[in-house]
Amino acid sequence: MVGMDSLLLEALAERVLVYDGAMGTQIQGADLSNEDFILRADPRHSAAVNLAAERLGGKLLDGCNEALVFTRPEVIESIHGAYFAAGSDLVETNTFGSTSIVLGEYEIQELVYDASLEAAKIAKRAAATYSTTDRPRFVVGALGPGTKLISLGQATWEELEATYSLSFKGLLEGGVDALLLETLQDLLMVKAGIVAANRAMDETGRQVPIFVQVTMEQTGTMLLGSEIGAALNMIESFPSVKAIGLNCATGPVEMTPHVRFLGQNSTRPLAIQPNAGLPVMEGGKALYKLTPDELAAHHDRFVSDHGVAMVGGCCGTTPAHIKAVAEAVGGRSHGENAHWQKVKGLFPGFDFELKSDEQASALSLIGCSSLYSFQPYAQDNSILIVGEKTNANGSRAFRDMLAAENWEGLTELARELEAEGSHVLDVCAAYVGRNEGKDMQTLLGYYNRHITVPLMVDSTEWQVVETALQCVAGKPIINSINFEDGEARTNRVLGLCRKYGAAVVALTIDEQGMAKTVDKKIEIAERILTRTREFGVPDHDVFMDCLTFTLGSGDEEFRAAGYETIEAIRQLRQRHPKVNTILGVSNISFGLKASARQILNSAFLHYCEEAGLTSAIVHFSKIKPENKIEPDIWKIATDLVYDRREFAVA
């Protein structure tokens, strides 16, 4: 991972850095002609570029600013130079749309790598011109959101990861100092972009910081409805992301509440690039009227009050805006107001791997998230409730609708669980005779868009788990890992947690089977925690399931099953207070009549909570509190849970 060997991060640790402003605004003012947007063969171009030029046969690529790195590289370099001259420490490459999705609209999708490579080289030349020993200048390889939203089914994960990875490879091989995902509107797109950036760094052997900037609309959410807390929770699960921020859509006034939230909660430095205010339509054109001094004044407050570490501008901002910003805050030492500034000593070199409880506790948002919202693991008035009816193994209604491919009905079932108060939904599509991976992909496409609570991906097949993780925005939970077949599958799934940013449920099962006694449950739990920590999964993202056997069989061997589980939960929480515990509550009453199951489940859950259970997979509307059950009935259930036997005297 990137540490203090990055000159950019060294500079960021010392002082406020200044970004550039809008590229598009400057291109529009560069007095370019149609000829500048026609790709011509040239000995200086790569073979791929010349082949594309011949194929296009002089076609006008109107609006394709990325093509200017081939046709007018000196114009792009002069724009970078103008921003450096104005005081920028960082400039972004002219690659906002350098993906196959955008370039494909101009029929030059094969030039993704070449466009990114050339753009990086151009920006690096400008940086070299203005760099000094005392003040190096940096280039950030920037990619925008494209024109298709994955959460709406307009693009696939495979398509996005492949093209963003290829573009990032070109930028890395062109020498950029960091990678930036900006103007992002869809959290699933954010995740795909981060995975692609990590892949590109692995494939090129170059490790640089990743920066992520989302766009918050005037509605107060991202375009698809995501709250800023959901974005932060998901992004912070990726240690390779070194800074988090906002850009575009609004001016600094509208951004202020979100900047404040990030300042109060983010462990990463903040990067803020507002538009020059909201656009005003005059004469059929959108004009941005925020003056350079006004933008500088807002950034002064952002830096002073909210700990913003990288400042710049987006639409409508010019070198004049950046000059004013640089004079106001450029080079300023960081304060101590923001959360990231208070905890930065725990993350030397901006290394956000969570290696200790102290580091993990520095996170403000400890929990999971969906496309829309953040869900804390620690609830104010209850344990974390995981709805269980969206599971082919536990719900006949779910199974029947899955067989009929009634996706709308399955979505309505999930909405019912949401309405009943479930904080998370456990989703399992394993049904004999059907393609689990395909069903999970289709189902999660619906759930990702229509369900606001986070999801728990439930599958025994790691391939299905990976497919699911590519369908779910936010930070999900994987259910589950164990050692039943050794450690290979567990290691594979923990690798997926690491790659995609997910928590995990762990079952106390080893090669000898499901643990029955307290000691065995604790032994397996300790072994599991050794593995999760090796993979960098913090303890609070591990949900240990100490499991239980049914008391409904009457089998003497399992009469103490309830007590053994309760005591295992108690001991585990004493040993590892940061680890979460979870339980499929209804297993305790399997085989009993429905009325008896409700009573036994309620009592068992009550005592598990007393022992320290933090979450449960349960049909919560069927759980009754102790004061709603007759005392003599409650005593019978309690005696059964604790295997207390009273015999009548003849």
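Strand 6 (residues 241–247) and strand 7 (residues 270–273) run parallel and share 4 bridges, with Leu246 finding its bridge partner in Ile272 of strand 7. This is a predicted model, so to speak of local features takes a pLDDT of at least 70, side-chain atom pairs count only at pLDDT 80 or more, and totals for chains, interfaces and linings use all residues. Residues are numbered from 1 along each chain as its sequence is written, and side-chain values use heavy atoms, leaving out hydrogens and water.

A word on terms: strands (E, at least two residues) and helices (H or I, at least four) are DSSP runs numbered from the N terminus, and two strands pair if DSSP finds at least two bridges between them.

Beyond its neighbours within four places in sequence, Ile228 is in contact (heavy atoms within 4.5 Å) with Val214, Met216, Leu246, His258, Phe261 and Leu262.

Thr267 sits in the loop between helix 11 (252–265) and strand 7. Its side chain makes polar contacts with those of Glu236, at 2.6 Å, and Arg268, at 3.0 Å. A polar contact here is a pair of N or O atoms within 3.5 Å; within protein, one must be able to donate a hydrogen and the other to accept it, and residues adjacent in sequence count only if both atoms are side-chain atoms. Setting aside residues up to four places away in sequence, Thr267 also touches several others, including His339, Trp340 and Phe347.

**How buried are they?**

Buried means under 20% relative accessible area, exposed over 50%, and partly exposed in between, with a 1.4 Å probe and protein chains only.

| Residue | Relative accessible area | Class |
|---|---|---|
| Thr267 | 2% | buried |
| Thr183 | 8% | buried |
| Ile228 | 10% | buried |
| Asp643 | 22% | partly exposed |

**Strand 14 and its partners**

Strand 14 (residues 424–427) is covered on both faces: Val424 and Asp426 on one side, Leu425 and Val427 on the other, are all buried. It runs parallel to strand 13 (residues 384–387), with 2 bridges joining them, and Leu425 is the bridge partner of Gly387. Strand 14 also pairs with strand 15 (residues 455–458) in the parallel sense over 3 bridges, and there Val427 stands opposite Val457.

**Helix 22**

The buried residues of helix 22 pack against helix 21 (518–534), strand 20 (542–545), strand 21 (580–582), helix 23 (594–611) and helix 24 (631–641). Among them are Ala561, Gly562 and Leu572.

Most residues other than glycine have a negative phi, and most peptide bonds are trans. Thr183, in strand 4, has a positive phi near 55°. Asp643, in the segment after helix 24, has a positive phi of about 55°. The peptide bond from Asn479 to Ser480 is cis, with omega near 20°, and Ser480 lies in strand 16 (residues 477–481).
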